[in-house]
Amino acid sequence: MSNNYTALPGVTNYVDKSAKIGKNVKVWHFAYVGKDAEIGDNVMIGSLTHVDYKVKIGDNTRIEGSVYIPPFTVIGKNVFIGPAAAFTNDPYPMSPKMAGVIVEDGAIIGGRSVFKPGIRVGSNSVVAMAAVVTKDVLPDTVVMGHPARPAYSRAEYDRKKKEWESKK
Ligand SMILES: CC(C)(COP(=O)(O)OP(=O)(O)OC[C@H]1O[C@@H](n2cnc3c(N)ncnc32)[C@H](O)[C@@H]1OP(=O)(O)O)[C@@H](O)C(=O)NCCC(=O)NCCS
């Protein structure tokens, strides 16, 4: 990883010089990438998304627009994050003590979902749109609601997805 990042032609954004940026990273309009962030290869960061200092994002992760990712959040590889999801790191603001959320590889995060500081979102899990995630999410599990509760398995999600894609 280095920081040879060059904004796409005609795109205005801010990527701090100290951030480590992988190959083929796209950062769209008015997105922000802070100090000492580490962004893997083939990552896409949508417009108006805020990636704060010391955030880590793994290879092939796709982050849609208006997502808020505060300091110390760790996001794995092959993760999808829907629009306007908000991670938090301070349970009792304003406190100097921060705990980043961890999102493991292959997780799918629905739009407008929110996450309590310090929780772990397990590998290949799915968080429904608008979920309020207050506890760890087990791997391979779909959670929904507020507070978010397990609903069914990732295998069932993949089955539904395939069925949806096969319908005209
Ligand atoms: C989680 C998700 C995959 C569930 O899809 P699904 O299984 O097809 O859901 P269904 O529409 O069949 O609904 C099943 C049940 O879950 C409920 N449900 C679905 N989505 C929900 C949500 N986000 N929060 C709370 N309940 C939800 C439905 O009301 C229904 O409840 P019922 O059985 O009591 O009637 C889907 O709702 C979702 O959030 N997808 C992500 C969308 C998104 O953010 N995309 C980002 C890119 S644009």
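In which sense, parallel or antiparallel, do strand β8 and strand β11 pair? In this predicted model, strand β8 (residues 56–57) and strand β11 (residues 74–75) pair in the parallel sense, over two bridges. Within this pairing, Ile57 has Ile75 of β11 as its bridge partner.

**The two sheets**

Strands β8 and β11 belong to an open sheet of six strands, whose order is β2-β5-β8-β11-β14-β17 and whose pairing is parallel. At its edges stand β2 (20–21) and β17 (120–121), each of which pairs on one side only. Strands of a sheet pair through backbone hydrogen bonds, either parallel or antiparallel.

Another open sheet has eight strands in the order β3-β6-β9-β12-β15-β18-β20-β21, and its pairing is mixed. Its edge strands are β3 (26–27) and β21, each pairing on one side only. Strand β3 is joined by two bridges to strand β6 (residues 44–45), and the two run parallel. Strands β18 and β20 also pair in the parallel sense over two bridges. By contrast, β20 and strand β21 (residues 149–153) run antiparallel and are joined by four bridges. In the hairpin formed by β20 and β21, four residues lie between the strands, and Gly145 takes a positive phi near 95°.

| Residue | Opposite residue | Strand of the opposite residue |
|---|---|---|
| Val27 | Ile45 | β6 |
| Val143 | Pro150 | β21 |
| Thr141 | Ser153 | β21 |

In soluble globular proteins, nonpolar side chains tend to be buried together. The largest nonpolar core of this model has 39 residues, and the members that touch the most others are Val33, Ile39, Val103, Val127 and Val143. Two or more residues of this core come from each of β14 (102–103), β15 (108–109), β18 (126–127) and β20 (141–144).

Val33 may be examined in detail. Residues up to four places away in sequence are not counted here; beyond them, Val33 touches Tyr14, Val15, Asp16, Ala19, Val27, Ile39, Ile45 and Val51.

**Ser113**

Ser113 is placed in the loop between β15 and β16 (114–115). Is Ser113 buried or exposed? Ser113 is buried, because 24 other C-beta atoms lie within 10 Å, and the threshold for a buried residue is 20 or more. Leaving aside neighbours within four places in sequence, its contacts are Ala85, Val127, Met129, Ala130, Ala131 and Val133. The C-alpha atoms of Ser113 and Ala148 are separated by 9.6 Å, although these residues are 35 residues apart along the chain.

**The ligand**

Which residues are around the ligand? They are Gly82, Gly110, Gly111, Ala128, Met129, Ala130, Val142, Met144, Gly145 and Lys160. By class, this shell has five nonpolar residues, four polar residues and one charged residue. Among the residues of the shell, Met129 and Ala130 are also in contact with Ser113. Gly145 of the shell is the residue with the positive phi in the hairpin of β20 and β21.

**Helix α1**

Helix α1 (residues 154–166) has 13 residues. From its first C-alpha to its last it reaches 18 Å, close to the 18 Å expected at 1.5 Å a residue. Why does α1 lie largely in the open? Of its 13 residues, the number buried is one, so helix α1 lies largely in the open.

Methods
Residues numbered from 1 in each chain as written. Predicted model: local features only at pLDDT ≥ 70, side-chain atom pairs only at ≥ 80, totals over all residues. Near = placed C-beta within 6 Å. Nonpolar A, V, L, I, M, F, W, Y, C, P; charged D, E, K, R; others polar. Core = buried A, V, L, I, M, F, W, Y, C linked by C-beta atoms within 7 Å. Buried ≥ 20, exposed ≤ 12 C-beta atoms within 10 Å, placed from the backbone. Contact = placed C-beta atoms within 7 Å. Expected span 1.5 Å × (residues − 1). Pairing = 2+ DSSP bridges.
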